[in-house]
Amino acid sequence: MIRDWHALLHSSIPLATAMQVNVTPLADGRQQLHVPLAPNVNDKGTGFGGSVAALATLAGWVETQRQLDRAGVTEPVDIMVQRGETHYLLPITADFSAEAQLPDTAELERFQRMYARKGLARLAVGVVLHCNGALVARYEGEYVARRAG
């Protein structure tokens, strides 16, 4: 299934519109989410921590849905973040981006098997955030996918 991730985020999550999230596909199928600094700035003129965490959370959410799509799941699925932890490494001084890292193959297989069997599964997703080519934050999230209905 090919999705318009930009349209999906903006129609489903109003914060994505406020943050001005844009989406760029990567060669391996993952999606890079990027935002301008201006609507995501704090009182110091650097990236607001809440925006950094939100962008990372969105990138993990997209990757979780993408993995379900890759597994051939076509039914509606509710995806929720169960846990998320952001590690801030450097101040963000310009536009910034987030991209999920590919989950471990064994983790993906377990996630897909569990979802197919129970309609409920968890997936750990790591996300890296960059600004001007530098790694500025890391995020680790756990997402729950549940058959909608």
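Colleague: How are H1 and H3 oriented to each other?

Modeller: In this predicted model, the axes of helix H1, residues 5-12, and of H3 come within 12 Å and cross at roughly 120°. Angles of 65 to 115 degrees count as roughly perpendicular and those over 145 as roughly antiparallel, with the rest above that first range taken as oblique. The two helices H1 and H3 are therefore oblique.

Colleague: How do the residues of the contact of H1 with H3 divide by class?

Modeller: On the H1 side the contact is made by Trp 5, Leu 8 and Leu 9, and on the H3 side by Leu 58, Trp 61, Val 62, Gln 65, Arg 66 and Asp 69. Sorted by class, the residues of this contact between H1 and H3 come to 6 nonpolar, 1 polar and 2 charged.

Colleague: Are H3 and H4 roughly parallel or roughly perpendicular to each other?

Modeller: Helix H4 covers residues 105-118, and H3 packs with H4 at an angle of about 70°, the axes being 11 Å apart. Since an angle of 65 to 115 degrees falls in the perpendicular class, H3 and H4 are therefore roughly perpendicular.

Colleague: Which element gives the largest share of the lining of the largest cavity?

Modeller: The count comes to 1 cavity of 30 Å³ or more, and the largest cavity has a volume of about 30 Å³. Its lining is formed by Arg 30, Gln 31, Leu 33, Ala 59, Val 62, Glu 63 and Ala 100, a set with 4 nonpolar, 1 polar and 2 charged residues. The largest share, 3 residues, comes from H3.

Colleague: With which residues is Pro 36 in contact, leaving aside its neighbours within four places in sequence?

Modeller: Pro 36 has its place in the loop between S2 and H3. Asp 104 lies 68 residues from Pro 36 in sequence and 31 Å from Pro 36 in space, C-alpha to C-alpha. With those sequence neighbours left aside, the residues in contact with Pro 36 are Met 19, Gln 20 and Asp 95.

Key. Residues are numbered from 1 along each chain as its sequence is written. This is a predicted model: local features need pLDDT of at least 70, side-chain atom pairs count only at pLDDT 80 or more; totals for chains, interfaces and linings use all residues. Side-chain values use heavy atoms; hydrogens and water are left out. On a 1 Å grid over the protein atoms alone, a cavity is a set of points where a 1.4 Å probe fits but cannot get out, and a pocket is an open set with protein on both sides within 12 Å along at least five of seven lines; lining residues have an atom within 4 Å of a point. Grid points are joined across faces, edges and corners, and a volume is the space filled by probe spheres set on the points. Helices (H or I, at least four residues) and strands (E, at least two) are DSSP runs, numbered from the N terminus. Ala, Val, Leu, Ile, Met, Phe, Trp, Tyr, Cys and Pro count as nonpolar, Asp, Glu, Lys and Arg as charged, and the others, Gly among them, as polar. Axes are lines fitted to C-alpha atoms, for helices over the stretch in contact, and angles run from 0 to 180 degrees between N-to-C directions. Angles under 35 degrees count as roughly parallel, over 145 as roughly antiparallel, 65 to 115 as roughly perpendicular and the rest as oblique. Contact means heavy atoms within 4.5 Å.
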